[in-house]
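This report describes one protein model, region by region. Please keep the sequence and the three-dimensional view at hand while reading.

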Amino acid sequence: MRFRLCRGRLKLELRVLRLGRDLQVVLNGGAAHLGAVALAAPGGADEAGLLVLPGHREDQLARRMARRMADALNCAVCVSAGIHYDAISKEEIAAVERLAETLTERCLAAMTAEQKDEAC
């Protein structure tokens with residue numbers, strides 16, 4: 001599955017790869033790279049494994065996404081995130097966070113619908 005959203009110069013893409021019942025999710029935008037990786041299991045409260053490259057700030061975004069998706073889909077979710085825009089403003093950072101949240105919710109809606117179709 002692949003989802004994209006744009007707002008001005010900001011363009012984010014979310015891709016999902018199924019690994020059995022679990023998910024690998026890649027979120028990138030701008031100059032794509034790996035900045036942070038978060039791994040969450042369902043029902044783990046705020047616990048999530050987290051790896052962050054020095055100087056990167058995608059950690060909390062990846063953690064929130066992994067936690068939300070793991071709980072909603074009742075599976076392990078690994079989110080790899082890398083977003084870079086030169087001279088990004090605070091307003092643009094907030095917009096990136098909103099875009100990522102919207103992509104997460106669209107992905108969950110699509111996956112929930114897919115699960116219902118498979119149950120037939």
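## Terms and basis of the model

The model is predicted, so local features need pLDDT of at least 70 and side-chain atom pairs count only at pLDDT 80 or more, while totals for chains, interfaces and linings use all residues. Residues are numbered from 1 along each chain as its sequence is written, and side-chain values use heavy atoms, with hydrogens and water left out.

## Helix α1 and the residue after it

Helices (H or I, at least four residues) and strands (E, at least two) are DSSP runs, numbered from the N terminus. Helix α1 covers residues 59-73, which makes 15 residues. From its first C-alpha to its last, helix α1 reaches 21 Å, close to the 21 Å expected at 1.5 Å a residue; the expected span is 1.5 Å times one less than the number of residues.

Which residues of α1 are buried? They are Leu61, Ala62, Met65, Ala66, Arg67, Met69, Ala70 and Leu73. Here buried means under 20% relative accessible area, exposed means over 50%, and partly exposed lies in between (1.4 Å probe, protein chains only). Helix α1 is followed by Asn74, which lies in the loop between α1 and β6. Asn74 has a positive phi of about 55 degrees although it is not a glycine, and at 49% relative accessibility Asn74 counts as partly exposed.

## The largest nonpolar core

In soluble globular proteins, nonpolar side chains tend to be buried together. A nonpolar core is a set of buried Ala, Val, Leu, Ile, Met, Phe, Trp, Tyr and Cys residues joined through side-chain atoms within 4.5 Å. The largest such core in this model has 33 residues, of which Leu12, Leu14, Leu23, Val25, Leu27, Met65 and Val77 touch the most other members. The elements that give two or more residues to this core are β1 (2-7), β2 (10-19), β3 (22-30), β4 (36-40), α1, β6 (77-84) and α2 (90-118). Helix α2 gives the most, with eight residues.

Contact means heavy atoms within 4.5 Å. Leaving aside neighbours within four places in sequence, Leu14 is in contact with Met1, Arg2, Phe3, Val25, Val26, Leu27, Met65, Leu103, Thr104 and Cys107.

Thr104 lies in helix α2. Is Thr104 buried or exposed? At 4% relative accessibility, Thr104 counts as buried. Apart from its neighbours within four places in sequence, Thr104 is in contact with Leu14, Met65, Arg68 and Met69.

Ser80 is placed in strand β6 and is buried, with a relative accessible area of 10%. Its contacts, leaving aside neighbours within four places in sequence, are Gln24, Val25, Val26, Leu27, Leu34, Ala36 and Val37.

## Loop residues

Gly43 is exposed, with a relative accessible area of 68%, whereas Gly44 is buried at 19%. Not counting residues up to four places away in sequence, Gly43 touches Arg67 and Asp71; Gly44 is likewise in contact with Arg67 and Asp71, its neighbours within four places again left aside. Gly43 and Ala72 are 29 residues apart in sequence and 9.6 Å apart in space, C-alpha to C-alpha.

Ala87 belongs to the loop between β6 and α2. Ala87 has a positive phi of about 50 degrees although it is not a glycine, and at 77% relative accessibility Ala87 counts as exposed.

## The largest pocket

On a 1 Å grid over the protein atoms alone, a pocket is an open set of points where a 1.4 Å probe fits, with protein on both sides within 12 Å along at least five of seven lines; lining residues have an atom within 4 Å of a point. Grid points are joined across faces, edges and corners, and a volume is the space filled by probe spheres set on the points.

The largest pocket has a volume of about 420 Å³. Of the 16 residues that line this pocket, Arg57, Glu58, Ile83, Ile88 and Ile93 lie nearest its centre. Helix α1, strand β6 and helix α2 each supply at least two residues of the lining, and α1 gives the most, with four residues.
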